[in-house]
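Morning, everyone. Please have a look at the sequence and the model on the screen. I will talk about pockets and packing.

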Amino acid sequence: MIKFLGISICVLFCSLILKEANRQIALILSIVGLSILFLTAVGELSEIINSVMSFAEVSSSVLNYSKLMLKILGITLITQIVCDICRDNGENALASVTGLVAKILIVSLVLPLFETVIKIVGGLVK
């Protein structure tokens, strides 16, 4: 955790200093810092994915729902990063549309799950 915070603080200070002189270089530094943080966290992320997949080995339906959950988590995390970069650079409209597109994509992924739940509830009501 300290490693992540240290990288973040170093990138933040360097970016703040460079913003005054050259905004483009500050943006590139932020993106590089973000990439370093993400690549550093991939090890932790792979442990989470392995744990979820080991839980999901119980049945194929649980495996499908676990894969869906991981896809949605990935979409959410990546979208948050992209939206934050857009907002940091004054592109609020682009950040909002990016967030909206991600939400639409997530709903399209979850629709089969809703269909299954409705069928189950419909079967219980009869």
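Let's start with Leu34, which sits in helix H2. Helices here are DSSP runs (H or I, at least four residues), numbered from the N terminus. A word on the source: this is a predicted model, where local features need pLDDT of at least 70, side-chain atom pairs count only at pLDDT 80 or more, and totals for chains, interfaces and linings use all residues. Residues are numbered from 1 along each chain as its sequence is written, and side-chain values use heavy atoms, with hydrogens and water left out.

Buried means under 20% relative accessible area, exposed over 50%, partly exposed in between (1.4 Å probe, protein chains only). What does Leu34 touch? Leaving out residues up to four places away in sequence, Leu34 touches Ile81 and Ile85. Contact means heavy atoms within 4.5 Å.

Now the largest pocket. A pocket is an open set of points on a 1 Å grid over the protein atoms alone, where a 1.4 Å probe fits, with protein on both sides within 12 Å along at least five of seven lines; lining residues have an atom within 4 Å of a point. The largest pocket holds about 440 Å³ of space. Volume is the space filled by probe spheres set on the points. The lining has 19 residues, and Val11, Ser15, Ser30, Leu34 and Asp88 lie nearest the centre. Helices H1 (2-21), H2 (23-56) and H3 (60-88) each supply at least two lining residues. H2 gives the largest share, eight residues.

Next, the second largest pocket. Its volume is about 180 Å³. Among its lining residues are Thr76, Cys83, Arg87, Ala102 and Ile106. H3 and helix H4 (92-125) each give two or more residues to that lining. The largest share, seven residues, comes from H4.

Last, the packing. Which residues form the largest nonpolar core? There are six: Leu68, Ile72, Ile75, Ala102, Ile106 and Val110. H3 and H4 each give two or more residues to this core. A nonpolar core is a set of buried Ala, Val, Leu, Ile, Met, Phe, Trp, Tyr and Cys residues joined through side-chain atoms within 4.5 Å. Ile72 touches Ile106, Leu109 and Val110, again not counting residues up to four places away in sequence.
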